[in-house]
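Hello,

Here is the structure for you to look through. My notes on its pockets and cavities follow below.

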Amino acid sequence: MSQLQPLELDHLAINVHFDMDHAQRTFDLLGFNLTPRGFHSLGSINHLLTFDHDYLELVGLPTHTQNVRREILQSPQGIDGLVFKTADANKTYKNLRKNGVDVSDVQTFGRPVALAGKNYEARFKTTRLQSGQFEAGRIYYCQHLTPDLVWRKEWQSHPNTAHAIAAICVICPNPNAQAKRYATLANAVTRKGRHNESRVQCDNFELVFITEEMYRNVYASHAQSNKGRNSFFGALALFASDLCQVRKYAIDASSKISGLNWSDQGDRITLSIAQYGVVIDFIQSD
């Protein structure tokens, strides 16, 4: 697979379980423009933070229903989903199986979308890695059958000026070995960073691999619990065009949301949301 073009990121997911109302308010106060709540046919709910070419998904579970998406319930809260973009989920499934990756059968599902008083259905095809292969979180591939119902101008502009996902940080005991495993999934190659971290450069973002000791040194009080795991998604990074706007919203939100902390490192603003075990770096874009 390494001879192919590196894959693009489709989205990252933050799992909030049954706490979607609070998560929606938190990210709204942080200056994000959230899409209306979506209800998947699989039994999950979501809000999207839609950017230029990718998005951040708040995914959770509805209350008072028997139709519950088990993979969401059985995964921990926090940064939980790494999703690559594919133009053909069936072909991706066959290629992964051929390369010895244990993946689920392709699923087709959707969610209603209301636009200008009319109802539509956003539809997707996905194949995901079976649990147990990558401890950090859920990894899967998504084919958008109706991308025009996801990437819309009215949802892509955010008051805090965030506009793209830059990276995800994977915490693990052996960064170099783990980076090579993820690189195979993304048709990419590994390289060493200037701080001896391992990196996988995908088409439009990076995966960064560091030890837990390095993670706690870098993020200090922002660092989150490993929840008993040897490997976990420790942080994500977003590009923002104006860190002054990020700072303004962080100051306001931290006075209203318990457990929300932020700090300014000069070249980035870091915030952490203790309730969900989430760390986000905002990086100034060019």
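How do the residues of the lining of the second largest cavity divide into nonpolar, polar and charged? There are six nonpolar, six polar and three charged. Please keep in mind that this is a predicted model.

That cavity holds about 100 Å³ of space. Its lining has 15 residues. Gln77, Arg229, Phe232, Phe233 and Gly277 lie nearest the centre. Two elements, β5 (78-85) and β13, each give two or more residues to this lining.

Now the largest cavity. About 120 Å³ of space lies inside. Here, too, 15 residues form the lining, and His11, His40, Tyr55, Glu57 and Phe109 are the closest to the centre. Strands β3 (45-50), β4 (55-60), β6 (107-115), β7 (118-128) and β8 (138-144) each supply at least two lining residues. β8 gives the most, with three. By class, the lining of the largest cavity has seven nonpolar, five polar and three charged residues. The count of cavities of 30 Å³ or more comes to two.

Last, the largest pocket. Its volume is about 670 Å³. The lining takes in 22 residues, with Arg199, Val208, Tyr219, Arg268 and Asp281 nearest the centre. Two or more lining residues come from each of β9 (162-171), β12 (206-210), α6 (212-219), β13 (232-240) and β16 (278-284). The pocket lining divides into 14 nonpolar residues, one polar and seven charged.

One link to look at on screen: β13 gives residues to the lining of the largest pocket and also to that of the second largest cavity.

Best wishes

Definitions and conventions:
Residues numbered from 1 in each chain as written. Predicted model: local features only at pLDDT ≥ 70, side-chain atom pairs only at ≥ 80, totals over all residues. Heavy atoms only, no water. 1 Å grid on protein atoms, 1.4 Å probe; cavity = no way out; pocket = protein on both sides within 12 Å on 5 of 7 lines; lining within 4 Å. Points joined across faces, edges and corners; volume = space filled by probe spheres on them. Helix = DSSP H or I, 4+ residues; strand = E, 2+ residues; numbered from the N terminus. Nonpolar A, V, L, I, M, F, W, Y, C, P; charged D, E, K, R; others polar.
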